Amino acid sequence: MASVRVTGLSKRFGDRTVLNGLDLTIARGEFVALLGRSGSGKSTLLRVLAGLDRDVEGGVEVDGTVSVAFQQPRLLPWRRVWRNVVLGLHAPDADRARAVRALDEVRLAEHADDWPRTLSGGEAQRLSLARALVREPDLLLLDEPFGALDALTRLTMHRLVEDLWRRHSPSVLLVTHDVDEALLLADRVLVLDDGRIVAEHLLGHPRPRRLAEHFDIRARVLTDLGVSEDAFA
Amino acid sequence: MSISTTGVLARPETAADPPAPRARRRWRPDLRRWISPIALIAVWQVASGTGVLPPDKLSSPWTVARAGAELVSDGELGSAFAVSITRVGAGFALGAVAGLLLGIVAGLSRWGEVLVDPPVQMLRTLPFLGLIPLFILWFGIGEEPKIALVSLGVAFPLYLNTHAGIRGVDGQLVEATTVLGFTRLERLWHVVLPGALPSVLVGLRQSLGLAWLALIVGETVNADAGLGYLINNAREFLRTDVIVVGLVVYAILGLVTDAVVRLIERRALRWRA
């Protein structure tokens, strides 16, 4: 069975149509990247899948638990790091040992008793990932989670996400506007434009990937996004 | 997965060490700061001793200290203190409950805001100390007008800061915990109220400052017991020493309550330090 099955999804804000009869299926354990220009409806789709926006038309089926990592880590500053990790768990599971195990996976175990304020941007984002994954989600939604990080930290995070995905094997929908990030991580790259999916590219390349392997697809994806590579020539 | 790459790349990020846990701040008094206050008191004492400052204008520090000791030993200060503290306590309790409740209602619900905020904002513009004549007409000259005055002084800052604090809570945090499965009540308890707490504590400090002010004004205008009565009574007999003792007690009370709020802030807002 599919992890996500969306059929004919439409979303309007007033008289502006953001999603326009969108169809999307994500298989169990599949890593899908969703690319699109700003305003293409990426984040709206993610919010619908997260259950944050239920005022939509069309069919939305999401199987199992959903976790989200947002662009901002959205930690509760008045909870210690480990308590932030287990926010989404219920009483008997929400213990420190469980939190420390999850923190260990993102190499933050030694910060378990710190306040979130003391973490760097990359550490806070890793904590946000740990909080999303500790619930063992069937679907992990990533909303440009690396967008606010510096370039070096972002590369580290790519490796980490790939590693965590292989270990926990949730289905992943990564919303991003970074083409290279999508090509590096995903099994399948979708391009969203005007509220529907206008292109799809399968990536069979073995992991871990290096970017050079994908230059042919990269050009095609950029064309799908309306960016012509010789536009500035 | 190339471990070595990861290790190298991880360094720039982890190199930015989080600030080391702050060394426990020991309160080390700077004795030099005592020089000028002590000098001022010495000047005061000399001025009184040489007759430059007549005792019917201001008694000498030494006389004030003796009067203080006397008032303590005959129990007069103690009972006046108890009366005043009771007034502030009762007024504060009433005002705090009203301010917090209204602030929470206006902060949490649109309808609450629409209904509660306009009248409160209108009343807020009234100088509440100017209400004393009305309060005397309404409540007489017993304890009620004084308690009511303190309550008013307490309620407004707490209302304003609670309301603003709740409205200022980061909606993104509320959304994030919604995805994590928090119920409405859990979001209120774990996200909204802790998020509003810093603002509420600011309101608490302003409230306590106004509570003392309201008490002093209320007690000075009319009272037959309490610190204000002690001071007013002393005025009739030109006892400037007793007046100063009363003022010093007010000052100490203000300092103590402020210190208590600071302590609460330090404990409750450790995460911000």
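**View 1. The surroundings of A:Leu89.** A:Leu89 sits in the loop between helix H2 (81-85) and helix H3 (96-105) of chain A. This is a predicted model: local features need pLDDT of at least 70, side-chain atom pairs count only at pLDDT 80 or more, and totals for chains, interfaces and linings use all residues. Residues are numbered from 1 along each chain as its sequence is written, while chains are lettered from A and ligands numbered from 1 in the order in which they are written. Helices (H or I, at least four residues) and strands (E, at least two) are DSSP runs, numbered from the N terminus.

Is A:Leu89 buried, partly exposed or exposed? A:Leu89 counts as partly exposed because it has 19 C-beta neighbours inside 10 Å. The cut-offs are 20 or more for buried and 12 or fewer for exposed, with C-beta atoms placed from the backbone. Beyond neighbours within four places in sequence, A:Leu89 contacts A:Ala94, A:Val134 and A:Arg135. Contact means C-beta atoms, placed from the backbone, within 7 Å.

**View 2. Two domains of chain A.** Domain 1 covers 2-65 + 138-232, and domain 2 covers 75-136. These bounds come from an automatic or database domain assignment. The C-alpha centres of the two domains of chain A lie 25 Å apart.

**View 3. A helical stretch of chain B.** Residues 243-264 of chain B are 100% helix and 0% strand. The end C-alpha atoms of this stretch are 32 Å apart.

Conventions: Contact = placed C-beta atoms within 7 Å.
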